[in-house]
Amino acid sequence: MSTMNATYTVRVTAGALAALLLLSGCSSKAKDDDKGDTAAGEVKTGEGISGKTISLGALTDMTGVYATLGKSVTQAQQLYVKQLNADGGVCGYKVQLTVRDHGYDPQKALSGYTELAPKVLGFAQFIGSPFVAAAKPRIDGQDKGLVLPQAWSSALLGSPYIRVIGSTYDIETINAVDFLMKEKGLKKGDKLGHVYFEGDYGESALTGSKHIAKEAGLTVVEQKIKPTDNDMTAQVAALKKAGVKAVVLSAGPRQAASLVGVAAAGGFNVPIIGNNSAFAPQLLATQAGPALEKNYWVASPSLPIGADTPGAKKLVTDYKKAYPKDSLDNGVVAGWTAAAAFGEALKKACESKDLTREGVDKALLTIDALDTGFGIPQNFTDPKASSSKESVILQPDKSVTGGMKVVQEPAASTVAESYTPSA
């Protein structure tokens, strides 16, 4: 996920942020009195476990570009933890989620990670591909705690500790363009527009569009934007002038509303498809709502919250009961899936009587078909690969639960199947 917070004016590169993280982490060794504890049935423990509590971290965005989705991700994870504890917890331990809001600000993301890393077993949430990528040297180096981010940049692959859930942005974009070619009239020789955030998210997605363009004989017309660019008028004008026949959007919900709305108002009626973090159902209540329902699609690493599966229906019921005033969106799915994956790793680590960071990391490697009820089993056995290559194609629809309907069931295109992301 990436930013549209108008107050975000300082751009910190991933390299600079990584250097700051490493420096700030040099003297922050975990001080855990229970490290090596063999109580509770001879279960080995370490950082992040104190007394009878397992602490997990959540670095979220509740005030920036992904405020609505960040809230949903967090509340879904709090619901999972509540239900897990009600069922007895893990190995007799209760799980606790410690949340910090970084507002999609790099400095806040840095300070949040630096604060929590010595205190938690791992992170069930870390929103923002650039921030996770910046923290990667420290996570892989001194910390070695499991991180299950809400971020899908291919730059995160290869780490035994940072595990991308679902297809990475490059693979997701390949599947999205394949849909445009099979269902929306895009063909060999056409120009494909791509509007994308600078940084790990957008550039990972751009790698995907360039790859399938080369395979399919398309020409990519690039429009790079900053996370603070909210008005897409100039981008629409440039793409219209270039004669593109379809557009991929790798940005946030606000950019989606502007791009689709401006295009519709100007009679630029080409299909537009976004990556999974480029939509929020709250957009359907804005002036761009009708245009989004008519001419916008989203590629997703899972079925939507309104899916017709037992798991999805139960989560909808439980979430509505826990948070009756809040709307449902796919942030709920992303949050729940990551929490469930971390929970399964904890349970398997318990079976091996090793709840240290190393034990939990190893446990996740044994999970090859995790199904949380949203259509795509996740395989975590290879750190060099995303847990799936499949995508679901969704279309905004205010009449359905969560505001998204399925127009193409989970599938991986032929190009995606043969493609190998590079970290």
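Visitor: Which residues does Val177 touch, not counting residues up to four places away in sequence?

Guide: In this predicted model, Val177 touches Leu186, Leu192, Ile212, Leu218 and Val248, with residues up to four places away in sequence not counted. Each of these is called a contact because heavy atoms lie within 4.5 Å. Val177 itself lies in helix H6.

Visitor: Why does Val177 count as buried?

Guide: The relative accessibility of Val177 is 0%. Buried means under 20% relative accessible area, and Val177 therefore counts as buried.

Visitor: How far apart are the C-alpha atoms of Val177 and Asp371?

Guide: These C-alpha atoms are separated by 26 Å, and the two residues are 194 apart along the chain.

Visitor: What makes Lys136 a buried residue?

Guide: The value for Lys136 is 18% relative accessibility. The cut-off for buried is under 20%, so Lys136 counts as buried. Lys136 has its place in helix H5. Leaving aside neighbours within four places in sequence, Lys136 is in contact with Ala155, Leu156, Leu157, Ser159 and Ile162.

Visitor: Why is Lys144 called partly exposed?

Guide: Lys144 has a relative accessible area of 34%. Buried requires under 20% and exposed requires over 50%, with partly exposed in between; Lys144 is therefore partly exposed. This residue lies in the loop between H5 and helix H6 (169-183).

Visitor: What makes the pair Ser277 and Tyr169 a polar contact?

Guide: The side chains of Ser277 and Tyr169 are joined at 3.3 Å. A polar contact requires a pair of N or O atoms within 3.5 Å, one able to donate a hydrogen and the other to accept it; the pair Ser277 and Tyr169 is therefore a polar contact.

Visitor: Why is Phe380 called buried, and what does Phe380 touch?

Guide: Phe380 has a relative accessible area of 1%, and buried means under 20%; Phe380 is therefore buried. Its place is in the loop between helix H13 (357-364) and strand E10 (391-396). Not counting residues up to four places away in sequence, Phe380 touches Arg163, Ile165, Ala341, Leu364, Leu365, Ile367, Asp368, Leu370 and Ser387. The C-alpha atoms of Phe380 and Met232 are separated by 38 Å, the residues being 148 apart along the chain.

Visitor: What makes H13 a mostly covered helix?

Guide: Six of the eight residues of H13 are buried. They are Arg357, Gly359, Val360, Asp361, Ala363 and Leu364. The buried residues of H13 pack against helix H5 (129-143) and H12.

Visitor: How is the packing of H3 with H12 described?

Guide: Two packed helices are described by the angle between their axes and the distance between the axes. Helix H3 (residues 67-86) and helix H12 (residues 330-351) pack at an angle of about 35°, with axes 7 Å apart. H3 passes H12 in a right-handed crossing. The residues making the contact include Leu69, Ala76 and Tyr80 of H3 and Gly335, Trp336 and Gly343 of H12. By class, the contact has twelve nonpolar, six polar and two charged residues.

Visitor: Why does Gly122 count as buried?

Guide: Gly122 has 2% relative accessibility. Buried means under 20%, and Gly122 therefore counts as buried. Gly122 lies in strand E4 (residues 122-126). Apart from neighbours within four places in sequence, Gly122 is in contact with Ser55, Leu56, Gly57, Leu146 and Phe342.

Visitor: How many helices and strands does the protein have, and how do you know that it is as compact as a globular protein of that length?

Guide: The secondary structure comes to 14 helices and eleven strands. The radius of gyration is 21 Å, close to the 22 Å that the globule rule gives for 423 residues, so the protein is as compact as a globular protein of that length. The C-alpha trace spans about 65 × 45 × 40 Å along its principal axes. Of the 423 residues, 60% count as buried. Among contacts between residues at least 6 apart in sequence, 72% join residues at least 24 apart.

Definitions and conventions: Residues numbered from 1 in each chain as written. Predicted model: local features only at pLDDT ≥ 70, side-chain atom pairs only at ≥ 80, totals over all residues. Heavy atoms only, no water. Axes fitted to C-alpha atoms, helices over the stretch in contact; angles between N-to-C directions. Helix = DSSP H or I, 4+ residues; strand = E, 2+ residues; numbered from the N terminus. Left-handed = near helix turned anticlockwise from the far one by under 90°. Nonpolar A, V, L, I, M, F, W, Y, C, P; charged D, E, K, R; others polar. Rg over C-alpha atoms; globule rule 2.2 N^0.38 Å. Buried < 20%, exposed > 50% of the residue type's maximum accessible area, 1.4 Å probe, protein only.
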